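Here's a quick briefing to read alongside the model. Take a look at the structure first, then work through the notes by topic.

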Amino acid sequence: MNDKQSTAHNMTSLARPPLKELETKARWLALLMLAIGLHVFEASLPSLGPWFKPGLANLVTLIALAMMGTQAAISLSIARILVGSFFIGTLFTPTFIIAMAGGLSATLVMVAAWRCIPGLSLVGISLLGALAHMLAQFVTVEALFIQQSALYYALPPLLILSCISGWINGALAEYICGRLAHEKI
């Protein structure tokens, strides 16, 4: 066999990944792009309080958890925060550290609830994630940046806002997952 034939033979002998695997990767990438877009969009919104946004990107993490499982949700959360922070110019800044602490905490709590509390709805899982997100942000800010216990006086109203946004995101996730299952997407 000459070099041309050897190269052609090697190219045709490469195994194609199964279609199901490609579809899963494409679905995950589509969810990641949506989560990054929502992350960037939320960064442009005015804040209702320190470190509070509606958590729309966590909605996508919740959908990934329900549709694709725990590994997909965790990797989506990390990738979304990294890439989204790069786009908004906060990568490796205090804002990034706070976002990563909140996002990872929320995702890990949602994963734990998904695995350990059978029958818990996506609304319940989302509420737990929203509360974990806010608490982790406060603990991170207090531990690393503002060592003032008075900071926690702002926590109760922000936890109430987190519950509201967590409920809305959970309801949206249930609706979206239901529609996607009905459409068999």
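The protein chain exposes about 10,600 Å² of surface, and carbon and sulfur atoms supply 69% of that area. Keep in mind that this is a predicted model. As for what's tucked away, buried residues come to 37% of the 185 residues in the chain.

**Overall fold**

- Helices are what you get here: the count is 7 helices and 0 strands.
- Walk along the sequence and the pattern reads α-α-α-α-α-α-α.
- Take the contacts with a separation of 6 or more, and 68% of them are between residues 24 or more positions apart.

**Charges and salt bridges**

- How many salt bridges does the structure hold? The number is 2.
- One of them joins the side chains of Glu-21 and Lys-25, at 3.2 Å from N to O.
- Both of those residues belong to helix 2 (residues 19-44), where they are 4 residues apart, or about one turn of the helix.
- Glu-21 is partly exposed, with a relative accessible area of 34%, and Lys-25 is partly exposed too, at 47%.
- Glu-183 and Arg-179 also meet through their side chains in a salt bridge, this one at 3.6 Å from N to O.
- Glu-183 and Arg-179 are 4 residues apart in helix 7, so about one helical turn separates them.
- On accessibility, Glu-183 counts as partly exposed at 43%, while Arg-179 counts as partly exposed at 41%.

- Which residues make the nonpolar surface patch of about 490 Å²? They are Ile-160, Ile-164, Trp-167, Ile-168 and Leu-172.
- Ile-168, one of the patch residues, has its place in helix 7 (residues 155-183).
- With a relative accessible area of 41%, Ile-168 is partly exposed. Patch members need over 30%, so Ile-168 at 41% clears that cut-off.
- Asn-169 lies in helix 7 as well. Is Asn-169 buried or exposed? Its relative accessibility is 6%, so Asn-169 counts as buried, given that buried means under 20%.
- What is Asn-169 in contact with, leaving aside its neighbours within four places in sequence? The list runs to Pro-54, Gly-55, Leu-56, Leu-59, Leu-62 and Ser-126.

- Where is Phe-92 found? Look in the loop between helix 4 (70-88) and helix 5 (94-116).
- The relative accessible area of Phe-92 is 62%, so this residue is exposed; the cut-off for that label is over 50%.

Notes
Residues are numbered from 1 along each chain as its sequence is written. This is a predicted model: local features need pLDDT of at least 70, side-chain atom pairs count only at pLDDT 80 or more; totals for chains, interfaces and linings use all residues. Side-chain values use heavy atoms; hydrogens and water are left out. Helices (H or I, at least four residues) and strands (E, at least two) are DSSP runs, numbered from the N terminus. Buried means under 20% relative accessible area, exposed over 50%, partly exposed in between (1.4 Å probe, protein chains only). Contact means heavy atoms within 4.5 Å. Accessible areas come from the Shrake-Rupley method with a 1.4 Å probe; for residues, only the protein chains shown count as cover. Patches are made of residues with over 30% relative accessible area and no salt bridge: like charges are joined within 9 Å, nonpolar side chains (Val, Leu, Ile, Met, Phe, Trp, Tyr) within 5 Å. A salt bridge is a side-chain nitrogen of Lys or Arg within 4 Å of a carboxyl oxygen of Asp or Glu.
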